[in-house]
Amino acid sequence: MISAQKIQSLVETAFPGSQVEAEDTTGTNDHFQLTVVSSSFQGKGMVERHRMIYGVLGAAIGGAIHALSLKTLTPEEAGKLS
Amino acid sequence: MSSEVQKTIADDIKKHKILMYVKGNKGNPMCGFSKMVMDIFLDLGADFETRDVLSDPEVRDGVKEFTQWPTIPQIFINGEFIGGCDIVRDLYTSGELKKMVDAAK
């Protein structure tokens, strides 16, 4: 079992200065929506960005985390959306 | 993981313009994410091939190792790994996926 807060802190630690929002989408602690805004994504494609996140969450993916929907944005991209 | 499976996957993705490793198949998707991806490509009128990872555990693990991507579905266009459900949905929403599919024909 893993919580949205735990996912959030893992990603925040791995990406200093990032904005991270983790949401449990079903209330069962295994389906999550994760939005990460970080300058580390600059110049990187989607596959690479998602791999960076998967690298942080490691074995939890497919184990404690059954489904993880990702939004990975640079601060500029996030700025355009808000 | 056997290099044989890795070779099989490497050859398979080159043989097909659009190839997807999914749970189930076009007529009988066994997972919501796999269904969403197949529905998107059906909506684009794309001709695509599927491999049901539920019928072959070695391929299920092998493709994850091949792409260093821990989830299913996995989508390849012109032999290149495009991503999973999230990325395909975002590409579809932006219109980028249609261009990629048309270029793959």
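1. A:Thr74 counts as buried because its relative accessibility is 2% (buried means under 20% relative accessible area, exposed over 50%, partly exposed in between, with a 1.4 Å probe and protein chains only). This residue sits in the loop between strand 3 and helix 3 (75-81) of chain A; helices (H or I, at least four residues) and strands (E, at least two) are DSSP runs, numbered from the N terminus. Leaving aside neighbours within four places in sequence, A:Thr74 is in contact with A:Val37, A:Ser38, A:Phe41, A:Gln42 and A:Arg49, contact meaning heavy atoms within 4.5 Å.

2. A word on the ground rules: this is a predicted model, in which local features need pLDDT of at least 70 and side-chain atom pairs count only at pLDDT 80 or more, while totals for chains, interfaces and linings use all residues. Residues are numbered from 1 along each chain as its sequence is written, chains are lettered from A and ligands numbered from 1 in the order in which they are written, and side-chain values use heavy atoms, with hydrogens and water left out.

3. Which residues are buried in helix 3 of chain B? In this helix (residues 57-67) they are B:Val59, B:Gly62, B:Val63 and B:Thr67. Seen down the helix axis, they fall within an arc of 115 degrees, so they line one face of helix 3 of chain B; the arc is that of the directions from the axis to the C-beta atoms. Their cover includes helix 2 (46-57) of chain A, along with helix 1 (3-15), strand 1 (18-22), strand 5 (74-77) and strand 6 (80-83) of chain B.

4. Do look at both ends of this helix. Just after the helix, B:Gln68 takes a positive phi of about 55 degrees.

5. On to the interface: 11 residues of chain A are in contact with 13 of chain B. The area buried between the two chains is about 980 Å², and carbon and sulfur atoms give 60% of it (buried area is the accessible area, 1.4 Å probe, that two parts lose on being put together, summed over both). A:Val47, A:Arg51 and A:Tyr54 supply 44% of the area that chain A buries against chain B, more than any other three residues.

6. The rule finds one salt bridge across this interface (a side-chain nitrogen of Lys or Arg within 4 Å of a carboxyl oxygen of Asp or Glu). A:Lys71 forms a salt bridge with B:Asp90, with the closest N and O atoms 3.3 Å apart.
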